[in-house]
Amino acid sequence: FFADADIPFEVESDGRLSRFQARQRKLSIHCGDYFKFRAEPFDAVYDRAALVAVPPGLRPAYARHTQSLLKAHAAHMLITLEYDQSRANGPPYAVLTDEVKAYWPGLRRVGELGALSNMPPKFRDAGLGAFIEAVWLGAPD
């Protein structure tokens, strides 16, 4: 990311996680096991492709850990996928409305996009008739 954007950066590692830090901007990227990541609470979270990559059995732990990293009333933007998992399975996985609301009742669905033309080939090959990207916004609690 930093090299592509021509942003000077430094790398630190504690053996568990690596931290890529911009030298002249307040921007850092952490790489490693998400469940081992700890930091001061954040003001916001933008989840574009993380929740949909997590297998269903790990999603409750993912949601709890994400919540633990946020300040009270932090801004939250989440993008999920909706499709018929009986025809094709993830990743990326379908995450439906009831599940999102169970993790973060304060989020509201603010938009959706029919994404048939953008779906991965394995879903196209399965003959899915619908592939929706849903956008959620709000505070997580």
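In this predicted model, a salt bridge brings together the side chains of Glu112 and Arg109, with an N to O distance of 2.7 Å. Arg109 also meets the side chain of Glu82 in a salt bridge, again at 2.7 Å from N to O. Through shared partners, these salt bridges join Glu82, Arg109 and Glu112 into one network.

**Salt bridges**

- Glu112 counts as exposed because its relative accessibility is 54%, and exposed residues are those over 50%.
- Arg109, at 29% relative accessibility, counts as partly exposed.
- Glu82 is buried, since its relative accessible area is 14% and the limit for buried residues is under 20%.

**The antiparallel sheet**

- An open sheet is formed by three strands in the order β1-β2-β3, with antiparallel pairing.
- Strands β1 (9-13) and β3 stand at the edges with a single partner strand each, so one side of each has no neighbour in the sheet.
- On average, neighbouring strands of this sheet are turned by 20 degrees against each other, direction ignored.
- Strand β2 (residues 17-22) is joined to strand β3 (residues 28-32) by five bridges, and a hairpin of five residues connects the two strands.
- Arg19 has His30 in β3 as its bridge partner.
- In general, the strands of a sheet pair through backbone hydrogen bonds, in either a parallel or an antiparallel manner.

**The parallel pair and its helix**

- Strand β4 (residues 42-47) pairs with strand β5 (residues 70-82) in the parallel sense, over five bridges.
- Within this pairing, Ala44 stands opposite Ala75 in β5.
- Together with helix α1 (residues 59-68), strands β4 and β5 make a right-handed β-α-β unit.

**A nonpolar surface patch**

- Tyr46, Met77, Val110 and Leu137 form a nonpolar patch on the surface, and their accessible area together is about 350 Å².
- Leu137 lies in strand β7 (residues 132-138) and counts as partly exposed, at 35% relative accessibility.

Key:
Residues are numbered from 1 along each chain as its sequence is written. This is a predicted model: local features need pLDDT of at least 70, side-chain atom pairs count only at pLDDT 80 or more; totals for chains, interfaces and linings use all residues. Side-chain values use heavy atoms; hydrogens and water are left out. Two strands pair if DSSP finds at least two bridges between them. Helices (H or I, at least four residues) and strands (E, at least two) are DSSP runs, numbered from the N terminus. Patches are made of residues with over 30% relative accessible area and no salt bridge: like charges are joined within 9 Å, nonpolar side chains (Val, Leu, Ile, Met, Phe, Trp, Tyr) within 5 Å. Accessible areas come from the Shrake-Rupley method with a 1.4 Å probe; for residues, only the protein chains shown count as cover. A salt bridge is a side-chain nitrogen of Lys or Arg within 4 Å of a carboxyl oxygen of Asp or Glu. Buried means under 20% relative accessible area, exposed over 50%, partly exposed in between (1.4 Å probe, protein chains only). A crossover is right-handed if, with the strands pointing away from the viewer, the path from the first strand over the helix to the second runs clockwise. Axes are lines fitted to C-alpha atoms, for helices over the stretch in contact, and angles run from 0 to 180 degrees between N-to-C directions.
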